Amino acid sequence: MTMVFTLAGAPEEQARETGRLLFAGPVDFVKGVTTMAALPPADRVEVCFAGRSNVGKSSLINALTGRKSLARASNTPGRTQEINYFALGESRYLVDLPGYGFAEAPVAVVRKWQELLRAYLAGRQTLRRAFVLIDTRHGIKQVDDEILGLLDKSAVTFQVVMTKADKVNQATREANIAQVMAALQKHPAAYPEIIVTSSEKGEGVETLRAVIATLE
Ligand SMILES: Nc1nc2c(ncn2[C@@H]2O[C@H](COP(=O)(O)OP(=O)(O)OP(=O)(O)O)[C@@H](O)[C@H]2O)c(=O)[nH]1
Ligand SMILES: [Mg+2]
């Protein structure tokens with residue numbers, strides 16, 4: 001059964017502490033890549049942030065790391081144009097992906113990013129979990145479902161992270177969480193708990209830190 005992840009209870013307290021410590025340490029930009037050949041060596045646990053353009057991927061990485069502009073965040077959809085690698089200590093990579101679904105760029109350029117995104121999601125050996133970001137105002141759209149299907153096919157475990165929760169009222173929040181949970185039933189690669197976040201208000205950020213820190 002799908003549930004909202006809360007980390008309530010004793011072992012979860014420990015996980016939160018592990019997350020707090022990990023994210024309080026060094027986080028460094030490693031490189032931005034535009035081809036699979038340029039990816040850094042696959043030598044550690046890696047998690048990525050995927051989602052429609054403007055859903056809040058870069059903002060969430062900034063909130064997680066407590067650095068205001070580590071990952072570029074902007075109002076312009078399609079702003080993140082490379083696969084951006086950040087080293088979290090020496091044990092993990094955080095990967096900020098270009099958005100899918102919309103981009104203010106020539107069609108040929110967009111197609112190239114989409115191909116890279118697909119190659120990455122399907123072919124990165126050390127990708128331990130893909131966080132798929134879904135706007136709490138909108139729920140899962142068809143373009144999201146296509147990416148979820150790709151992750152199923154590639155057997156990459158993904159976890160839905162709802163974003164911008166500060167922008168909706170309680171009724172919309174509950175309705176769209178329910179919509180997401182129902183949609184996940186169809187996806188064998190879905191991790192059964194979702195995390196509701198706001199990069200603006202900090203909701204869910206500690207939980208997500210704990211999840212990332214305790215992945216093996
Ligand atoms: N209110 C609110 N705004 C947010 C939140 N997260 C992101 N935003 C805003 O949404 C816009 C897009 O955020 P980004 O983090 O750049 O989104 P992205 O998914 O990285 O976008 P691309 O790189 O274009 O795919 C920015 O104006 C952010 O300030 C949030 O939790 N709450
Ligand atoms: Mg971005």
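Colleague: Where is the place of Lys164 in the chain?

Modeller: Lys164 sits in the loop between β7 and α5 (170-184), where helices (H or I, at least four residues) and strands (E, at least two) are DSSP runs, numbered from the N terminus. Please keep in mind that this is a predicted model, in which local features need pLDDT of at least 70, side-chain atom pairs count only at pLDDT 80 or more, and totals for chains, interfaces and linings use all residues. Residues are numbered from 1 along each chain as its sequence is written, while chains are lettered from A and ligands numbered from 1 in the order in which they are written.

Colleague: OK, and is Lys164 buried or exposed?

Modeller: Lys164 is buried, because 22 other C-beta atoms lie within 10 Å. A residue counts as buried if 20 or more other C-beta atoms lie within 10 Å of its own, as exposed if 12 or fewer do, and as partly exposed in between, with the C-beta atoms placed from the backbone. Lys164 also has a positive phi of about 55°, although it is not a glycine.

Colleague: What about Ala155, buried or exposed?

Modeller: Ala155 is exposed, with 9 other C-beta atoms within 10 Å. Its place is the loop between α4 (142-154) and β7 (158-163), and Ala155 has a positive phi of about 55° without being a glycine.

Colleague: Switching to β4, which strands does it pair with?

Modeller: Strand β2 (residues 27-33) is joined to β4 by six bridges, and the two run antiparallel; β4 also pairs with strand β5 (residues 92-96) in the antiparallel sense, over five bridges. Two strands are said to pair if DSSP finds at least two bridges between them.

Colleague: Which residues face each other there?

Modeller: Asp28 has Ala87 in β4 as its bridge partner, and Tyr85 stands opposite Val95 in β5. The hairpin of β4 and β5 has three residues between the strands, and Gly89 in this hairpin takes a positive phi near 55°.

Colleague: Why is β4 called largely enclosed?

Modeller: Five of the six residues of β4 (residues 83-88) are buried, so the strand is largely enclosed by the rest of the structure. Helix α2 (residues 57-65) is likewise largely enclosed, because eight of its nine residues are buried, among them Leu60, Ile61 and Leu64. Just after α2, Gly66 takes a positive phi of about 65°.

Colleague: And how many helices and strands does the chain have?

Modeller: The secondary structure of the chain comes to six helices and eight strands, and of its 216 residues, 40% count as buried.
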